[in-house]
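Let's take a walk through this one, a few helices and a couple of side chains at a time. Keep the structure open as you read.

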Amino acid sequence: TALLSVGSVPSFGMNSIIDGMLRYPYRCLEQTTSRAMTFLFGTGSYPAKGSALKFPKKYKDEIKQAISRLSTLQRRDGGFGLWSPHDRVEPWLSAYATDFLTRAKNAGFRVPSGLLENAFRWLHAKIQSEVYYTSAVRAEAYAHYVLARENRGDLKKLRHFVDTYGTSFYSMEWAFVASALTAYGDAKRALIAQEKTRASSEIGS
């Protein structure tokens, strides 16, 4: 299961999670990214800009290895395959991997420019397409969120996406679009999305 938090960083049990990840042997796209995210947030605080130098050595080494591993999983189109670049693209996990790469770069870790630019290119192509099933809606919501954080997305496309597919959103999708709309400065729509996030969470609880 992928590890993801749009909000604050939980501190409970972090040491045991880190210890478990150090013994975790698998390296598919989801496992590599979840492992990397764990080490990126492993200090218990948000990885601030330029904070890489303050990371423990074992965390740094793990994050660098994850970046290297992701570079071997990227397909020619910029998306990511599950076990190799020859596998079919994994839409949600491609957004997840790009999310990690952008956070790692902002923290000060070296991320090859081609790796990240190609990933952005794939995400941008993703948000231009129409979606017809639930998993595609979830992946596109995540893609909008990652692109908006880096000011690389398309506000018009995001508004269209919300207006067209919002009825099929769960709380995670609403959280993604709320954050994306906030990043673009669309406060009115962001507030509506935040309310939808809370409402969806209450229904699901």
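A residue is called buried when its relative accessible area is under 20%, exposed when it is over 50%, and partly exposed in between, using a 1.4 Å probe and protein chains only. Helices here are DSSP runs of H or I with at least four residues, numbered from the N terminus. Bear in mind that this is a predicted model, where local features need pLDDT of at least 70, side-chain atom pairs count only at pLDDT 80 or more, and totals for chains, interfaces and linings use all residues. Residues are numbered from 1 along each chain as its sequence is written, and side-chain values use heavy atoms, with hydrogens and water left out.

Start with α4. Of its 17 residues, 13 are buried, so by the under-20% cut-off this helix is mostly covered. The expected span of a helix is 1.5 Å times one less than its number of residues.

Now zoom in on Ser94, which sits in α4 (residues 91-107). Is Ser94 buried or exposed? With a relative accessible area of 1%, Ser94 is buried. Its side chain reaches the backbone oxygen of Glu90 at 2.7 Å. Leaving out residues up to four places away in sequence, Ser94 touches Leu29, Gly79, Phe80, Val89 and Trp122 (contact means heavy atoms within 4.5 Å).

Glu62 is another one to look at, this time in helix α3 (residues 57-73). At 13% relative accessibility, Glu62 counts as buried too. What does the side chain of Glu62 make a polar contact with? The partner is the side chain of Arg35, at 2.8 Å. A polar contact is a pair of N or O atoms within 3.5 Å; within protein, one must be able to donate a hydrogen and the other to accept it, and residues adjacent in sequence count only if both atoms are side-chain atoms.

Next, α8 (residues 171-184): its 14 residues reach 20 Å from first C-alpha to last, close to the 20 Å expected. Its buried residues include Trp174, Phe176, Leu181 and Tyr184. Just after α8, Gly185 has a positive phi of about 85 degrees.

Notes:
Helices (H or I, at least four residues) and strands (E, at least two) are DSSP runs, numbered from the N terminus.
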